[in-house]
Amino acid sequence: MVSGAESGDTNGATLFRSIRSGIKLLVTVIFLGYLIIWLMMPMHIYYQHWFPKISAKTRSTFLGGEGSWLLIYTFPVLLIATLACIYLHLGKKIPDDSFSKNGATGSGFGWWKRTAVVKGPLGIVSWIELTFLGMFVGLLVWTLASYLHGMFETSVQEAELKGLQVWEYKLDCVGLTLGLVGYVSMALLFFPVTRLSSILQFLGVTSESSIKYHIWMGHICMILFTAHGLCYIFFWAKTHQISEMLKWDKFSISNVAGEISLLAGLVMWPTSLKQFRRKLFELFFYTHYFYILFVVFFVFHVGFYGSCIILPGFYLFLIDRFLRLLQSQQKVALVFARVLSCESVELNISKLPGLCYTPMSSIFINVPSISRLQWHPFTITSNSNTDPDKLSIIIKSEGSWSSELYKILSSPSPIDRLELSVEGPYGPPSTHFMRHDMLVMVCGGSGITPFISIIREVIFAANTKPDRTIPRILLICAFRKYVDLTVLELILPISSTKLDVSHLQIQIEAYITREKEINTSQQLASRTIWFKPASSDAPVHSILGHNSWLWLGAIISASFIIFLLIIGILIRCYIYPIDHNTDTIYPAVPKSVLNMVAICSSIVMTASVAFIWNKKQMASEIKQIKDMGSQPFNTQKDLENMGDYQSLLQVTNVQFSGRPNLKDRLMKCEGKSVGVLVSGPKGMRQDVAKICSSDVSGNLHFESISFSW
């Protein structure tokens with residue numbers, strides 16, 4: 001018999017699922033309508049008939065000519081983002097269905113998620129990614145061909161009217177069209193780098209995995225805009241109009257602004273290439289701030305009307321960026337650090353118990369004593385279920401920044417406080433890996449860090465959900481030296497809740513690639529450093545509280561409404577009396593400045609109110625955590641944890657001077673659904689992807705984890 005409470009919970013979950021299904025359907029309809037606009041935009045029927053009619057009906061003394069552009073290009077995307085926030089909020093109220101096997105073994109989407117391309121300039125790409133990339137390229141080609149077809153139809157007549165040769169007129173058309181096609185890629189440019197993005201979470205995509213889409217869009221955008229600029233320079237040179245390069249039109253296209261925007265982009269472009277990005281990260285990091293000049297002068301170049309096409313992605317990015325700025329101002333309480341002999345450190349940061357995140361989540365760290373501007377992402381190794389009051393990350397001493405941090409913490413003279421700021425955490429929307437019968441985790445070196453949180457999640461599930469099938473775990477890890485094995489000590493949580501590790505079915509295969517035997521000369525005991533947080537330090541907490549998605553939806557919708565009110569009042573009371581909606585009296589640049597200021601002001605106001613309100617709501621929880629202070633490990637718990645670690649060593653097989661035979665090992669894995677997760681060097685990820693793509697039985701489900709973009 002089902003109790004009344006359980007029946008109520010079931011009915012509530014059913015209602016929430018129904019509402020989420022309705023939101024999905026509505027979002028799909030809005031998106032398809034938005035996509036139709038993009039497909040029709042380069043055609044005669046749109047810019048000669050549809051848009052003029054819409055513009056005539058929406059032009060008013062309140063919003064002027066901006067109304068139609070905002071209605072068509074900006075409003076639908078912001079509405080989708082708001083609906084996605086509601087969808088994600090309701091998802092938190094539905095019982096965990098991560099053990100459902102449908103998502104892992106379903107034949108419908110399983111094939112599309114399989115690897116299509118292993119090597120190449122795009123990296124590891126699945127069939128669904130390749131399909132959408134093909135659709136995007138098709139949209140670019142369609143837009144280019146449609147615009148050129150419409151312009152070339154009257155090329156002879158237009159060339160005669162302008163006193164140009166036909167090829168010169170066509171060159172002018174090509175230059176203009178390349179700029180218009182660049183709109184398409186720029187409209188999508190900022191979505192992947194919006195970390196707290198409801199749209200990405202709605203699609204089940206993390207901000208880390210979508211960085212590659214930003215890189216793709218950036219390259220396409222710069223190729224198109226560079227070709228656009230070169231076409232016009234060549235055209236002006238051949239038609240003796242080189243002075244056009246110095247033209248700043250008050251009411252139309254500003255050439256100088258476009259050139260400044262392009263120059264800013266050309267500064268960012270080469271430093272964002274892989275060779276520069278990985279070897280000269282600081283140069284890449286600092287030059288990328290030129291995106292501010294790139295966007296601002298792009299708006300000056302095309303006017304605010306034309307910028308409405310790319311506004312939605314940048315609008316959501318601005319909200320995210322300001323929220324990150326607010327969070328980064330708070331210094332967090334670093335409780336203790338463990339310095340390992342493998343030149344790695346584990347930082348343990350105090351957090352509110354209510355802060356929940358999924359395994360494989362990441363957090364951005366800033367240490368002002370090393371650099372006030374540099375932020376570095378790290379995978380969270382703790383689990384919000386097994387570690388309710390602490391958040392931990394592992395940092396391997398590899399680059400200059402991490403080496404300096406290790407030097408500070410491993411010095412003979414211990415420090416009593418390390419100032420730290422964070423942004424995040426950010427992570428996947430669900431623990432989909434729990435749907436598999438078996439998990440195979442392949443990692444190299446510090447690539448083990450994403451898997452620690454997964455193992456801790458499986459330990460928690462094995463202890464709290466005995467009626468569910470818990471996936472078996474095979475951890476295949478490759479290390480350079482024997483001393484690197486000390487990182488395995490961090491797999492097991494130091495939790496206030498006693499968890500029986502014996503419920504976990506795990507096997508560890510460790511390969512030491514650069515040593516032939518056990519080297520005990522470097523085996524040093526890990527050292528724990530306890531810190532004394534300052535009174536101003538606070539535990540890590542969600543920037544928008546427990547109902548963060550609802551608050552984000554409120555910020556998106558409220559800020560846009562406030563922006564419309566501000567700019568509407570300015571147009572009605574200040575601009576309209578001057579130009580009466582003619583767009584030929586009031587200059588375009590001041591109008592663009594007013595719009596940008598109105599957007600920034602509305603975002604700052606709404607986000608600040610949400611931040612302050614939630615900070616007051618969490619003040620009592622934060623004070624309680626501060627009053628408790630940081631306590632050393634419980635001795636009895638330490639002994640229990642060491643016993644668990646000894647049992648973990650019993651299932652660990654260490655091999656020297658060799659690498660794992662991944663193909664042989666993976667093909668022998670039994671189970672209807674085997675999740676294969678790989679984190680490590682590029683070559684390792686490609687090898688595992690190739691093996692999984694060639695799997696005939698189809699039970700290997702590949703997922704790559706990479707933060708070295």
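I looked up the exposure of Glu 343 first, and in this predicted model the residue counts as partly exposed because its relative accessibility is 42%, between the cut-offs of 20% for buried and 50% for exposed. I located Glu 343 in the loop between β3 (334–340) and β4 (344–350). I then checked its backbone and noted a positive phi of about 60 degrees, although Glu 343 is not a glycine. For context, I recorded that most residues other than glycine have a negative phi.

I turned next to Met 360, another residue other than glycine with a positive phi, here near 70 degrees. I found Met 360 in the loop between β4 and β5 (362–366).

I placed Pro 425 in strand β8, which covers residues 421–426.

Finally, I looked up charge on the surface. I recorded a positive patch formed by Arg 480, Lys 481, Arg 514 and Arg 659. I listed Arg 659 as exposed, because its relative accessibility is 66% and exposed means over 50%.

Key: Residues are numbered from 1 along each chain as its sequence is written. This is a predicted model: local features need pLDDT of at least 70, side-chain atom pairs count only at pLDDT 80 or more; totals for chains, interfaces and linings use all residues. Side-chain values use heavy atoms; hydrogens and water are left out. Patches are made of residues with over 30% relative accessible area and no salt bridge: like charges are joined within 9 Å, nonpolar side chains (Val, Leu, Ile, Met, Phe, Trp, Tyr) within 5 Å. Accessible areas come from the Shrake-Rupley method with a 1.4 Å probe; for residues, only the protein chains shown count as cover. A salt bridge is a side-chain nitrogen of Lys or Arg within 4 Å of a carboxyl oxygen of Asp or Glu. Lys and Arg count as positive and Asp and Glu as negative; His and the chain ends are not counted. The place of a charge is taken as NZ of Lys, CZ of Arg, CG of Asp or CD of Glu. Buried means under 20% relative accessible area, exposed over 50%, partly exposed in between (1.4 Å probe, protein chains only). Helices (H or I, at least four residues) and strands (E, at least two) are DSSP runs, numbered from the N terminus.
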